[in-house]
Amino acid sequence: MSDDARQAAERYRLDRQLRDAGLEPEPAEPEGPARGSTAAERAAFVETSIQQAIRRGDFDNLPGAGKPLPDLGGSHDPDWWIRRKIETEQLTGLGPPALTLRVEHREMAERLDAIAHEPEVREAVEDFNRRVIEARRQLQGGPPVVTPTVDVDAEVAAWIERRRARVEAAAVPAPARRRRWFRRER
């Protein structure tokens, strides 16, 4: 038994119960265009649905109503939607390896400072160097990989020095309040 036949039987039982109770059943509305309908019938159904939604007020007070569409009218960019998604979601790490490695190289000190142990810092720098070398070997096109590899020992030494400076800055006590040289008499 198909779902349509079950729905029709259930609708019949419900209509009969309503009639027995002295109520008039509502006429059944089609839920969508019938299968095998023409493009014109589907377009008419969609247009009717939109007009009904307008009359119900479903499109009232939408955010951005009456405001111009942002970034409209510039040069044609076929990838505008992905660029906007990257901006709004603040996605990182996307793009050709040459560009992502440049950004990672520029932000390396901040990334390393977030690591707590020296072996992990050494491992992160070695991983970066491995990915730079691998990107240079790839012939996938795009911009050339000009990011330099990093001296592991020098980066670890710089990390240790930055960490020592942070610890010393945190250990300096706040200046003590100066005591008044006189007391107020009460």
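Colleague: Does E104 count as buried or exposed?

Modeller: E104 counts as buried, because its relative accessibility is 15%. Here buried means under 20% relative accessible area, exposed over 50% and partly exposed in between, with a 1.4 Å probe and protein chains only.

Colleague: What kind of model is this, and how are residues numbered?

Modeller: This is a predicted model, in which local features need pLDDT of at least 70 and side-chain atom pairs count only at pLDDT 80 or more, while totals for chains, interfaces and linings use all residues. Residues are numbered from 1 along each chain as its sequence is written, and side-chain values use heavy atoms, with hydrogens and water left out.

Colleague: Back to E104. Which helix holds it, and which residues does it touch?

Modeller: E104 lies in helix α4, residues 97-106. Helices are DSSP runs of H or I with at least four residues, strands are runs of E with at least two, and both are numbered from the N terminus. Leaving out residues up to four places away in sequence, E104 touches R111, F128 and R131; contact means heavy atoms within 4.5 Å.

Colleague: What joins the side chains of E104 and R131?

Modeller: A polar contact of 2.4 Å joins them. The term denotes a pair of N or O atoms within 3.5 Å; within protein, one must be able to donate a hydrogen and the other to accept it, and residues adjacent in sequence count only if both atoms are side-chain atoms.

Colleague: And how far is E104 from F128, in sequence and in space?

Modeller: E104 and F128 are 24 residues apart in sequence, and their C-alpha atoms are 8.5 Å apart.

Colleague: Which residues touch the most other members of the largest nonpolar core?

Modeller: L101, L112, V121 and F128 do, in a core of 15 residues. Helices α4, α5, α6 and α7 each give two or more residues to this core, and α6 supplies the largest share, five residues. A nonpolar core is a set of buried Ala, Val, Leu, Ile, Met, Phe, Trp, Tyr and Cys residues joined through side-chain atoms within 4.5 Å.

Colleague: What does L112 touch?

Modeller: Again leaving out residues up to four places away, L112 touches V121, A124, V125, E155, W159 and R162.

Colleague: Turning to α7, which of its residues are buried?

Modeller: V152, E155, V156 and W159 are the buried residues of α7. They are on the same side of the helix, because they cover an arc of only 100 degrees around the axis, taken from the directions from the helix axis to the C-beta atoms. These buried residues pack against α5 (108-113) and α6 (118-137), whereas D153, A169 and A171 are exposed on the other side of α7.

Colleague: What span does α2 have, and what should it be?

Modeller: The 18 residues of α2 (39-56) should span 26 Å at 1.5 Å a residue, and the end C-alpha atoms are 26 Å apart, which agrees. The expected span is 1.5 Å times one less than the number of residues.

Colleague: Where are the positive phi values around there?

Modeller: N61 has a positive phi near 55 degrees although N61 is not glycine. Most residues other than glycine have a negative phi. N61 is in the loop between α2 and α3 (80-89) and is exposed, with a relative accessible area of 78%.

Colleague: How many helices and strands in total?

Modeller: The protein has seven helices and zero strands. Of its 186 residues, 12% are buried.
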